[in-house]
Each structure stands twice: as structure tokens, then as C-alpha cells.
Amino acid sequence: MHFFDADATRTALPFDRLIPALRERFAGGCEAPPRHVHEIVNPLGEAGQDAAGRRVTSLIMPAWIPGKYYGVKIVNIAPGNARRNLPGLHATYLLFDARTGVPLAQMDGDVITARRTAAASALAGSYLAREEAKHLVLVGAGRVAKLLPAAWKTVRPIEHVTVWARRESEAQALAAQLTREGFSASATTDLPGACASADIVSCATMANEPVVRGSWLAPGAHLDLIGSFTPAMREADDACFEHARIFVDTDEALTKSGDLLVPMQHGVFSANEVRGTLTTLSRGVAIGRKSPGERTVFKSVGNALEDLAAAILVSESRG
């Protein structure tokens with residue numbers, strides 16, 4: 001069994017290899033049952049411990065390709081870790097031979113999750129963003145947002161990145177980091193103005209209320225929505241979906257994301273008006289962008305298929 005720490009996992013997942021690997025896996029398919037969710041309530045024992053400090057939520061996400069690979073991602077979320085000076089989320093990925101059950105590799109699940117999430121957005125964008133898209137606006141400055149420029153640069157000729165975050169200092173810090181990485185980047189406090197000139201607006205936040213308005217988006221813009229993965233979370237208002245071609249990573253997004261559930265409840269669009277998924281796009285069944293002037297929207301919630309594709313790439317990087 002081989003062990004890949006965070007650095008080794010990251011090195012094995014360059015976007016120019018990961019994005020094609022996701023395209024191939026979405027086109028080929030795999031078995032990906034619904035994730036298991038377990039609540040682990042621990043006994044009292046720490047001074048000042050509240051309910052959040054006692055509880056750990058464990059997500060178990062399996063996927064397999066019959067006769068080839070079987071993988072499981074375990075994600076543990078501990079809201080009380082902030083007072084312990086620990087990250088609130090930890091993830092591990094285990095990969096097995098699907099024929100024999102033999103363990104093949106253990107790898108860093110946090111790195112896999114972040115990089116496959118950014119890669120899925122870029123994969124969708126390769127079908128949906130205009131070919132000449134050059135201006136990327138990042139909404140958010142967290143782990144996934146930091147990866148998005150490199151992922152997008154793999155599929156579109158990005159020339160400038162504008163960063164907005166609720167904390168101006170975080171936007172400035174990310175813009176400086178991106179500049180060091182070779183991007184032309186700047187921070188802004190004017191999100192409406194940035195969106196008005198953007199070719200791509202990519203949102204990776206934990207927002208519960210819309211941070212992007214459809215009235216801000218230019219004709220022909222592509223809106224990429226990553227953050228809303230529960231019915232209570234939203235990054236985009238209803239107007240973002242009006243007169244837009246809408247796509248999702250998987251049909252599961254239509255039951256999980258407030259970004260989709262709320263406008264559907266308001267009658268803005270219906271589920272059968274969604275134009276495609278990453279599977280139908282990758283198989284050439286769905287048509288992506290049809291004209292330069294139309295607006296497109298992609299909403300992702302993540303899927304175990306993406307984790308498996310990334311894990312296989314890491315394992316096979318050993319040669």
C-alpha cells in the first residue's frame with residue numbers, strides 16, 4: 001500500500017492531467033452510491049465545550065469501476081475544532097483493487113477534494129465559457145478559490161483575475177499570491193463593477209444569501225457556482241438564472257443546492273429546462289454554449305466519481 005501525503009497528492013494532480021481525467025471518467029461512468037452521513041456525539045470532557053464541540057459529522061463517499069478500482073473518501077467535519085486551533089475538516093482517500101480488494105493507496109483527501117472541485121469547474125467551462133474568455137472574477141478567497149485561476153488557465157486564455165472577498169484583506173492577500181504565481185491579478189471592493197466586465201465569474205464561498213446578482217452579469221458571461229451544497233446555501237440570486245442556459249455537474253445538484261432549489265420554487269426555471277450535466281457534456285450528448293451572447297450557468301455540488309478519477313491519477317503517477 002502506497003501513502004501520498006498532501007504534497008505528493010498535489011504533485012500528482014496537475015490540472016492539465018486532472019481535467020482530461022475527469023472528462024474521461026464522466027464520459028465512461030462509474031458506480032457512485034449516495035454518501036453515508038454519520039453523526040458522532042462525543043462525551044463531555046473539555047472545559048467550555050458546547051454542543052458543536054462534542055459533535056463530529058463523518059461523510060463516507062464510495063465509488064468504483066467494476067473490475068478495476070474501488071475508492072472511499074472519508075470526510076470528518078468537527079465544528080468545535082476552532083477552539084482547539086485545528087482545521088474543522090479532515091479527509092482521507094483510500095483506493096483498492098476492485099477485483100481483489102487489495103489496498104493500493106492512501107492519499108490526502110483535502111487536496112483531492114479541492115483540486116477536483118476546481119477541475120470540474122474548468123471542465124464545465126471548456127464547454128460553456130466563450131473561447132476568448134480573458135477576465136476571471138473570483139468571488140471568495142478560500143482553498144478552492146485559490147486553485148481556480150490555474151484550473152481556468154488550462155482551458156481558457158485568462159489574462160486578468162479580479163478577486164473579491166467579504167474581508168478585503170483576504171482578497172488582497174490572494175491577489176498578491178496570484179501575482180507571485182505569474183497571473184495579472186488585483187483585489188476589488190466593487191463586485192458589481194467587476195462582474196460587469198467579467199467573462200467568467202467563479203464563486204467559491206460559504207454564503208447563505210446571494211452575493212452575485214444577475215443584473216450585474218454581462219451578456220455572454222459564464223457564471224460558475226461552487227459553494228452552495230445544501231438547500232440553505234445560496235451564492236446567486238434568481239435573476240442569475242433568468243434567460244440563461246443552465247448546467248449541473250450531476251442531477252443530484254437539483255435536490256441539494258439552494259442556488260437551484262429556490263429559483264425553481266419561484267418558477268424561474270424547472271428541472272427539465274436544465275440543459276445538461278458533466279456526463280452528457282463529456283459524452284457529446286448535450287450542447288454547451290450555442291452563441292457568444294448567451295449567458296451560461298454551471299452549478300456543482302461534487303460527486304464521488306470526481307474523487308475516484310483523481311485518486312486513480314495519483315495512484316498511477318507512481319508509474
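## Reading the predicted model

Guide: L89 has a relative accessibility of 35%, so L89 counts as partly exposed. Keep in mind that this model is predicted.

Visitor: Which strand holds L89, and which residues does L89 touch beyond four places in sequence?

Guide: L89 belongs to strand β5, residues 89–97. Its C-alpha atom lies 9.8 Å from that of S58, 31 residues apart along the chain. Not counting residues up to four places away in sequence, L89 touches V75, N76, I77 and D110.

Visitor: Is M61 buried or exposed?

Guide: M61 sits in strand β3, residues 55–65. The cut-off for buried is under 20% relative accessible area. M61 has 11% relative accessibility, so M61 counts as buried.

Visitor: What is M61 in contact with, leaving aside its neighbours within four places in sequence?

Guide: V75 is 14 residues from M61 along the chain, and their C-alpha atoms are separated by 8.3 Å. The contacts of M61, leaving aside neighbours within four places in sequence, are R35, G71, V72, K73, R116, N303, A304 and D307.

Visitor: How far apart are the end C-alpha atoms of helix α2?

Guide: Helix α2 covers residues 15–28, which makes 14 residues. At 1.5 Å a residue, the span should be 20 Å. The model agrees with that, because the end C-alpha atoms are 19 Å apart.

Visitor: Within what arc do the buried residues of α2 fall?

Guide: The buried residues of α2 are F15, L18, I19, A21, L22, R25 and F26. Seen down the helix axis, they line one face, because they fall within an arc of 160 degrees.

Visitor: Which exposed residues are on the face of α2 turned away from its buried side, and what do its buried residues pack against?

Guide: The face turned away from the buried side carries the exposed residues D16, E24 and G28. The buried residues of α2 pack against β3, α4 (109–128), α5 (143–155), α10 (278–282) and α11 (304–316).

Visitor: What residue follows α2, and what is its phi?

Guide: The residue after α2 is G29. The phi of G29 is positive, near 80 degrees.

Visitor: Which strands stand at the edges of the open sheet?

Guide: Eight strands form the sheet, with parallel pairing, in the order β9-β8-β7-β10-β11-β14-β12-β13. Two of these have a single partner strand each, so one side of each is left without a neighbour in the sheet. The edge strands are β9 (185–187) and β13 (276–277).

Visitor: How many residues of β7 are buried?

Guide: Strand β7 spans residues 135–139. H135, V137 and V139 point one way, L136 and L138 the other way, and all are buried. Strand β7 is therefore largely enclosed by the rest of the structure; the buried count is five of the five residues.

Visitor: What is the bridge partner of I246 in β14?

Guide: Strands β12 (residues 244–248) and β14 (residues 295–299) pair in the parallel sense over five bridges. In β14, the partner of I246 is V297.

Visitor: Which residues touch the most other members of the largest nonpolar core?

Guide: The largest nonpolar core has 65 residues. The residues touching the most other members are M107 and V161.

Visitor: What is V161 in contact with, leaving aside its neighbours within four places in sequence?

Guide: Two of its contacts, L136 and L138, belong to the buried residues of β7. The complete set, leaving aside neighbours within four places, is L136, L138, P149, L178, F183, S184, A185 and S186.

Visitor: Is K256 buried or exposed?

Guide: K256 lies in helix α8, residues 253–256. Not counting residues up to four places away in sequence, K256 touches R35, F229, T230, P231, L261 and V301. At 14% relative accessibility, K256 counts as buried.

Visitor: How many disulfides are found in the whole structure?

Guide: A disulfide needs two cysteine sulfur atoms within 2.5 Å. A search of the whole structure finds zero. For C195, the nearest cysteine sulfur is 7.1 Å away and belongs to C203.

Note on methods. Residues are numbered from 1 along each chain as its sequence is written. This is a predicted model: local features need pLDDT of at least 70, side-chain atom pairs count only at pLDDT 80 or more; totals for chains, interfaces and linings use all residues. Side-chain values use heavy atoms; hydrogens and water are left out. A nonpolar core is a set of buried Ala, Val, Leu, Ile, Met, Phe, Trp, Tyr and Cys residues joined through side-chain atoms within 4.5 Å. Buried means under 20% relative accessible area, exposed over 50%, partly exposed in between (1.4 Å probe, protein chains only). Contact means heavy atoms within 4.5 Å. Helices (H or I, at least four residues) and strands (E, at least two) are DSSP runs, numbered from the N terminus. The expected span of a helix is 1.5 Å times one less than its number of residues. The arc is that of the directions from the helix axis to the C-beta atoms. Two strands pair if DSSP finds at least two bridges between them.
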